[in-house]
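I opened a new notebook page for this model.

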Amino acid sequence: MSYQKEPKMRLQDVSTALAQLPADDQMLMSLRLDGFDYRQIAQQMDQSEGALRTRYSRIVKQLREMLKGK
């Protein structure tokens, strides 16, 4: 069934796009996807919560652009 192949392909596309990000951006995305809040991430990455929120938003926008049309 084709509906089973599409999610796997989509996951591969996302994985490929994430791998193209700089290491710090990959870490931020990974920590957010693992359920850490901005306060916890800010402590671990030694950055302000506000800076991380802005950066996260920009990364998500960048990933959307990378995945557009996939």
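**Entry 1: S48**

I looked up S48 and found it partly exposed, with a relative accessible area of 44%. My classes are buried under 20% relative accessible area, exposed over 50% and partly exposed in between, with a 1.4 Å probe and protein chains only. S48 sits in the loop between helix 3 and helix 4. Helices here are DSSP runs of H or I with at least four residues, strands are runs of E with at least two, and both are numbered from the N terminus. The side chain of S48 reaches the backbone nitrogen of A51 at 3.1 Å. I also took a C-alpha to C-alpha distance: S48 and Y38 are 8.7 Å apart in space and 10 residues apart in sequence.

**Entry 2: ground rules**

This is a predicted model, where local features need pLDDT of at least 70, side-chain atom pairs count only at pLDDT 80 or more, and totals for chains, interfaces and linings use all residues. Residues are numbered from 1 along each chain as its sequence is written, and side-chain values use heavy atoms, with hydrogens and water left out.

**Entry 3: D46**

I stayed in the loop between helix 3 and helix 4, where D46 also lies. Its phi is near 55 degrees, a positive value in a residue other than glycine. Most residues other than glycine have a negative phi. Is D46 buried or exposed? D46 is exposed, at 71% relative accessible area.

**Entry 4: the chain as a whole**

I counted four helices and zero strands in the protein chain. From the N terminus on, the order is α-α-α-α. The chain has 70 residues, and buried ones make up 26% of them. Next I checked contacts (heavy atoms within 4.5 Å). Among those between residues at least 6 apart in sequence, 50% join residues at least 24 apart.

**Entry 5: the nonpolar core**

I define a nonpolar core as a set of buried Ala, Val, Leu, Ile, Met, Phe, Trp, Tyr and Cys residues joined through side-chain atoms within 4.5 Å. The largest one has 15 residues, and L28, M29 and L52 have the most contacts inside it. Helix 2 (23-33), helix 3 (38-45) and helix 4 (49-67) are the elements that give two or more residues to this core. Helix 4 gives the most, with six residues. In soluble globular proteins, nonpolar side chains tend to be buried together.

Which residues does L28 touch, not counting those up to four places away in sequence? L28 touches I41, M45, L52, R55, Y56 and I59.

**Entry 6: the D25 and R55 pair**

R55 was on that list, and I followed it up. R55 is found in helix 4, and D25 lies in helix 2. At 17% relative accessibility, R55 counts as buried. D25 is buried too, with a relative accessible area of 12%. A polar contact of 2.8 Å joins the side chains of R55 and D25. By polar contact I mean a pair of N or O atoms within 3.5 Å; within protein, one must be able to donate a hydrogen and the other to accept it, and residues adjacent in sequence count only if both atoms are side-chain atoms.

Leaving out residues up to four places away in sequence, R55 touches D24, D25, L28, M45 and Q47. On the same terms, D25 touches R55 and I59.

**Entry 7: the largest pocket**

I searched a 1 Å grid over the protein atoms alone; a pocket is an open set of points where a 1.4 Å probe fits, with protein on both sides within 12 Å along at least five of seven lines, and lining residues have an atom within 4 Å of a point. About 160 Å³ of space lies in the largest pocket. V14, L18, M29, L33, Y56, V60, L63, R64 and L67 line this pocket. The lining divides into eight nonpolar, no polar and one charged. Helix 4 gives the most to the lining, with five residues.

**Entry 8: L18**

L18 is in helix 1 and is partly exposed, at 21% relative accessible area. L18 touches Q26, M29 and L63, not counting residues up to four places away in sequence. The C-alpha atoms of L18 and I59 are separated by 9.4 Å, at 41 residues apart along the chain.

Definitions and conventions:
Grid points are joined across faces, edges and corners, and a volume is the space filled by probe spheres set on the points. Ala, Val, Leu, Ile, Met, Phe, Trp, Tyr, Cys and Pro count as nonpolar, Asp, Glu, Lys and Arg as charged, and the others, Gly among them, as polar.
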